[in-house]
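Subject: Structure for your review

Dear colleague,

Please find the structure below, followed by an account of what was found in it. I would be grateful if you could read the two side by side.

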Amino acid sequence: MTVVLVLLLALLIGVVAGLRALTPPAVVAWAGAIGWINLDGTWAAWMTHPITLTVLTILLLVELVTDQLPSTPSRKVTSQFSARLLTGAFAAAVLVTGAIFQVKTGTIVSGIGAGIVGAVLGTLGGAEARSRLVAKIGGRDLPVALAEDLVAVLGGFAVAASASLL
């Protein structure tokens, strides 16, 4: 049962990657640093290093700002979509590693798969939801973009915090 719940969290962290590509790596790094997941002695232990935390936090903040710019490409273009798949897969692998005490390789691979599926769902679903909401409020993108930022960051931390309950 625990493995199923961890894979659900991996899927959800992938959804967050579909909304904001750089949020999940920062979130799982912080989750490891504050003890929500245990990365000590794992391949992902470097994620909790202060330099890693600082760089990932800066990248997250930069992404939140650049997403508001009109020149930012659609999340569905190949480079943006690919980045979301990669960060969703990576964050899911870290989350699975930290959430399960004795991780089996197959579980990490399954977590990566769940993260990729979640990233696809988050990318396509997030783009559709955003465009519909923008249309409903008369074409103003900024309020919807800021709400999406909030959902991504708070949702990411909620997923990571949930891993500590397993």
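Eight salt bridges are found when the whole structure is searched, a salt bridge being a side-chain nitrogen of Lys or Arg within 4 Å of a carboxyl oxygen of Asp or Glu. The model is a predicted one, in which local features need pLDDT of at least 70 and side-chain atom pairs count only at pLDDT 80 or more, while totals for chains, interfaces and linings use all residues. Residues are numbered from 1 along each chain as its sequence is written, and side-chain values use heavy atoms, with hydrogens and water left out.

A network of salt bridges links R20, D67, R75, R130, D141, E148 and D149.

R20 and E148 form a salt bridge through their side chains, at 3.3 Å from N to O. This pair links distant parts of the chain, 128 residues apart: R20 is in the loop between helix 1 (2-19) and helix 2 (23-33), and E148 is in helix 6 (residues 142-163). Helices here are DSSP runs (H or I, at least four residues), numbered from the N terminus. Both R20 and E148 are buried, where buried means under 20% relative accessible area (1.4 Å probe, protein chains only).

E148 also meets R75 in a salt bridge, with an N to O distance of 2.6 Å. Because R75 lies in the loop between helix 3 and helix 4 and E148 in helix 6, the pair ties together parts that are 73 residues apart in sequence. The relative accessibility of R75 is 7%, so R75 counts as buried; for E148, also buried, the relative accessible area is 8%.

The side chains of D67 and R130 meet in a further salt bridge, at 3.1 Å from N to O. D67 is in the loop between helix 3 (50-66) and helix 4 (78-99) and R130 is in helix 5, so this pair joins parts 63 residues apart in sequence. D67 is buried at a relative accessible area of 15%, and R130 is buried at 11% relative accessibility.

As to the largest pocket, its lining includes D67, R75, R130 and D141. A pocket is an open set of points on a 1 Å grid over the protein atoms alone, where a 1.4 Å probe fits, with protein on both sides within 12 Å along at least five of seven lines; lining residues have an atom within 4 Å of a point. Helix 5 (residues 105-136) supplies the largest share of this lining, three residues.

Yours sincerely

Key. Helices (H or I, at least four residues) and strands (E, at least two) are DSSP runs, numbered from the N terminus. Buried means under 20% relative accessible area, exposed over 50%, partly exposed in between (1.4 Å probe, protein chains only).
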